[in-house]
Amino acid sequence: MAAPTHGTGAPPHVAELLQTLIRYDTTNPPGNERECAAYCRDTLNDAGIAAELIGSDPNRVNVVSRLPGRGDAPPLLLYGHIDVVPTAAQPWDVPPFEGRRQDGYVWGRGALDMKGGVAMMMCAFMRAHREDTDLPGDVILALVSDEEAGGNTGAGWLVAARPELFEGARYAVGEFGGFSKTYRGRKFYMVQVAEKQGCRVQATARGPGGHGSLVHHDTAPTRMAEFLVKLDRTPLPFHIHPVTRMMVEAMSSRLPLPDSAFLRLLLNPAFTGKILRRMSTVGRELEPLFRHTANATIIAGGEKANVIPSEVTVNLDCRMLPGYPPEDLLGELQDIAGPNIEFQALRFAPKPWILNMGLFDTLSGIIREQDPAGVSVPMLMPAGTDGRHFAGLGIQTYGWMPMNLPADFDFLKTIHAANERVPVSALEFGAEALHRLLGRFHG
Ligand SMILES: [Zn+2]
């Protein structure tokens, strides 16, 4: 590999970089991130930065690069994924892989999740090199495959097979967070500091089998049906998780009365459900942060149309609040189901739950500099990200792709959906914020 130089020619603008990234169709499955990864590597190389493609599958490689720092702080990891979710059967107004720039936005699959973030990171990283930014410690950039399907060739594989690449890192910046959300006229920047843990549970109902011509009651199918209706109508118990508490307290402290008092009532489990219902749409977005969730996905039972099955199973896609063991969830499900249903945790690979808020004030300070009205708030992510893999190495992820979004822009409704797009001004905001972070992170 050629010795690093300061590169030739002007580096691409963050929006141009994103447009090019979108044009590589990295829909996962199957992913096929190789060409997109090679483009990222070449772009870094053109800027005079060494970068390599690393992976277990030649079609699903990852890009890893490192800028040396002065050694006063542990290395900082920046990571992002270059795969995207499918677009099939969605009503797009623009072709999702054209990478169109129109009306101040870059449109296309991945604009928000998360090629936009990857473009911001690459810009900040290349700028730090170009401007000889005084880096407190090394900065590691990892652009990974397969986040949307589990990280088996991406973050999960890198952490298992090449942990030395991340040695010493204490903090990482990645998805999912950093976007602004306007609530009651105040602008909050959500910083993901924890994520829920996925757990597949199998529910089994048993009952007398028999011939389909006779009268039967209380069979395995009807027992399962009763449980599913109960599960639909009975919320699992509310728990006030420490991260959710921090989020609610930070938001309510910036709101005037009576909004602040109303929001704080969420922290009293006796009122949580009522307040969430009063908050309608916002309440539905917040509810998963207050309890485990369980949704029926795959229903199986019966092999012959004239035989009553003696067993019916249902797979439940469960997401648990971090730090809770699966027995806790299984007990809550049993309380709803009663004795007729058996539960078994099928797939549960708990990752250590870590919470290290040491970098939070630095991030919120940067946001305040760039948007004096912006208030940073810790957030628990209701789904999983690659952060769980890096947590296995003791690395605290901050989901922080800073984006100052218009008040009427619904970030959560736009990701994974048709017409995914990002304001060019938000990309510039994020690239600037990340560059500021590279100059001042600490241990
Ligand atoms: Zn993502």
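Colleague: What spacing do the donors of the zinc ion follow along the chain?

Modeller: Bear in mind that this is a predicted model. The protein donors of the zinc ion are His81 (NE2), Asp113 (OD), Glu175 (OE) and Glu175 (OE), at 1.8 to 2.6 Å from it. Along the chain, these donors give the spacing H-x31-D-x61-E.

Colleague: How many residues apart in sequence are the parts that His81 and Glu175 tie together?

Modeller: His81 belongs to strand β3 (residues 76-81). Glu175 sits in the loop between β7 (171-174) and β8 (180-183). The pair therefore ties together parts whose separation in sequence is 94 residues.

Colleague: Which word describes the arrangement of the 4 donor atoms around the zinc ion?

Modeller: The angles subtended by the 4 donor atoms run from 54 to 156°. A tetrahedral set would need all angles between 85 and 135 degrees. The arrangement is therefore irregular.

Colleague: Is α11 parallel or oblique to α14?

Modeller: Helix α11 (residues 360-370) packs on helix α14 (residues 424-438) with the axes 10 Å apart and at an angle of about 135°. That angle makes α11, relative to α14, oblique.

Colleague: How many of the 10 residues of helix α1 are buried?

Modeller: The buried residues of α1 are Val14, Ala15, Leu17, Leu18, Gln19, Leu21 and Ile22. Their cover includes α2 (34-46), α3 (115-130) and α14. Helix α1 (residues 14-23) is largely enclosed by the rest of the structure, because the buried residues number 7 of the 10.

Key. Residues numbered from 1 in each chain as written. Predicted model: local features only at pLDDT ≥ 70, side-chain atom pairs only at ≥ 80, totals over all residues. Heavy atoms only, no water. Donors = N, O, S within 2.8 Å, 3.2 Å for Na, K, Ca; no water. Tetrahedral: all angles 85-135°; square planar, octahedral: opposite > 155°, others 65-115°. Helix = DSSP H or I, 4+ residues; strand = E, 2+ residues; numbered from the N terminus. Axes fitted to C-alpha atoms, helices over the stretch in contact; angles between N-to-C directions. Parallel < 35°, antiparallel > 145°, perpendicular 65-115°, else oblique. Buried < 20%, exposed > 50% of the residue type's maximum accessible area, 1.4 Å probe, protein only. Contact = heavy atoms within 4.5 Å.
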